Amino acid sequence: MNFGVELLNNLIKSPLNYIGGKYKILPQILPHFPNNIRIFVDLFTGGANVGINVDAEEIILNDNLIYLMEIHKSLFEISENNILSYIDKIINKFNLSLTNTEGYNKLRNQYNKLKNPLDLLILSFYSFNHQIRFNSNHNFNTPFGKNRSRYNDNIKKNLIAFINRLQQKNIVFMKENFDKINFSELTAKDFVYCDPPYLITVGTYNDGRRGFNGWNIEQEKNFLIF
Ligand SMILES: C[S@@+](CC[C@H](N)C(=O)[O-])C[C@H]1O[C@@H](n2cnc3c(N)ncnc32)[C@H](O)[C@@H]1O
């Protein structure tokens, strides 16, 4: 792939505002990638800011946060119109706004019962710092981002661009721990991008208290060996 000016001017930002998201530094990262990639693996997908901006015959998006991967998969499989009208319907039904804590909490209860990935996407628009955090019972528990977080024109614009780009690509979705991915089929034409949690900081996705494996010195060492 040629990371020329055209591509770098046309970068897509994930609608998820993900902690550790690499959108801002894509112009520094992408020029280091090889041209003409056959299979591109985004091993720690997060908001998919990197995977969505790479051209390859096949893109594998993986993250062990299964509910996050379900959001990406839904955005790939459901039409743009149906996604946007579902969002509007839920915002109206729960009267979501910058200040309605009760509506947010009701949607959070609905999500924890039904686990509809689009409900989780909507919750992330309104949650504190747009965080996606689960407790050890796999219940989403990020508090409301009162007076700060909401679905606005900017998020909607990013969402539409993200859906369109995602749906143009040949994507395989996986929700595994990084060390469960089988790389034996990969060749010199393939490229694996790794953006694991950082050992020196604690994100809500790597503190080990969320019903998902945390990221600690053991994980870091295993990863380096891997
Ligand atoms: C720094 S974020 C990736 C951000 C992403 N590159 C972006 O630009 O949006 C790291 C991701 O690794 C995921 N993760 C943590 N431990 C993992 C593991 N053992 N296997 C796979 N993914 C893991 C987390 O859920 C998180 O989404």
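**Group meeting talk: one predicted model**

Let me start with G46, which sits in the loop between β1 and β2. Residue numbers start from 1 along each chain, as its sequence is written. The model is predicted, so local features need a pLDDT of at least 70 and side-chain atom pairs count only at pLDDT 80 or more, while totals for chains, interfaces and linings use all residues.

Back to G46. Is G46 buried or exposed? G46 counts as buried because 26 C-beta neighbours lie inside 10 Å. The cut-offs are these: buried means 20 or more other C-beta atoms within 10 Å of the residue's own, exposed means 12 or fewer, and partly exposed is in between, with C-beta atoms placed from the backbone. Beyond the neighbours within four places in sequence, G46 is in contact with Y18, G20, G21, D63 and D195. Contact means that the two C-beta atoms, placed from the backbone, lie within 7 Å. From G46 to L65, 19 residues along the chain, the C-alpha atoms are 8.3 Å apart.

G46 also belongs to the ligand shell. Of the 22 residues around the ligand, the ones that come nearest are G20, F44, G46, G47 and N49. A residue is near a molecule or strand if its C-beta atom, placed from the backbone, lies within 6 Å of it. By type, the shell has 9 nonpolar, 10 polar and 3 charged residues. Nonpolar covers Ala, Val, Leu, Ile, Met, Phe, Trp, Tyr, Cys and Pro; charged covers Asp, Glu, Lys and Arg; the others, Gly among them, are polar.

Now the chain as a whole. There are 8 helices and 4 strands, in the order α-α-β-β-α-α-α-α-α-β-β-α from the N terminus. The C-alpha trace spans about 50 × 40 × 25 Å along its principal axes. Of the 226 residues, 31% are buried. Among contacts with a separation of 6 or more, 62% join residues 24 or more positions apart.

Next, helix α6. Because 9 of its 10 residues are buried, α6 is largely enclosed by the rest of the structure. The buried ones include P117, L120, L121 and F125. The cover over the buried residues of α6 includes α3, α4, α5 (101–114) and α7.

Take α4 from that cover. The axes of α4 (residues 80–93) and α6 (residues 117–126) come within 10 Å and cross at roughly 65 degrees. Axes are lines fitted to C-alpha atoms, for helices over the stretch in contact, with angles from 0 to 180 degrees between N-to-C directions. I83, Y86, I87 and I90 of α4 make the contact with L118, D119 and I122 of α6. Those residues divide into 6 nonpolar, no polar and 1 charged.

I90, in helix α4, counts as buried because it has 20 C-beta neighbours inside 10 Å. Apart from neighbours within four places in sequence, I90 is in contact with L107, D119 and I122. I90 and L118 are 28 residues apart in sequence and 9.6 Å apart in space, C-alpha to C-alpha.

Last, some loop residues. Most residues other than glycine have a negative phi. N36, in the loop between α2 and β1 (37–42), has a positive phi near 50 degrees. H130, in the loop between α6 and α7 (153–168), has a positive phi of about 60 degrees. Which of the two is buried? N36 counts as exposed, because it has 10 C-beta neighbours inside 10 Å. H130 counts as buried, because it has 21.

N64 lies in the loop between β2 (56–62) and α3 (66–77). With 19 C-beta neighbours inside 10 Å, N64 counts as partly exposed. N64 and K175 are 111 residues apart in sequence, but 4.7 Å apart in space, C-alpha to C-alpha. I25, in the loop between α1 (5–8) and α2 (26–29), is exposed, with 11 other C-beta atoms within 10 Å. The C-alpha atoms of I25 and L98, 73 residues apart along the chain, are separated by 30 Å.

Note on methods. Helix = DSSP H or I, 4+ residues; strand = E, 2+ residues; numbered from the N terminus.
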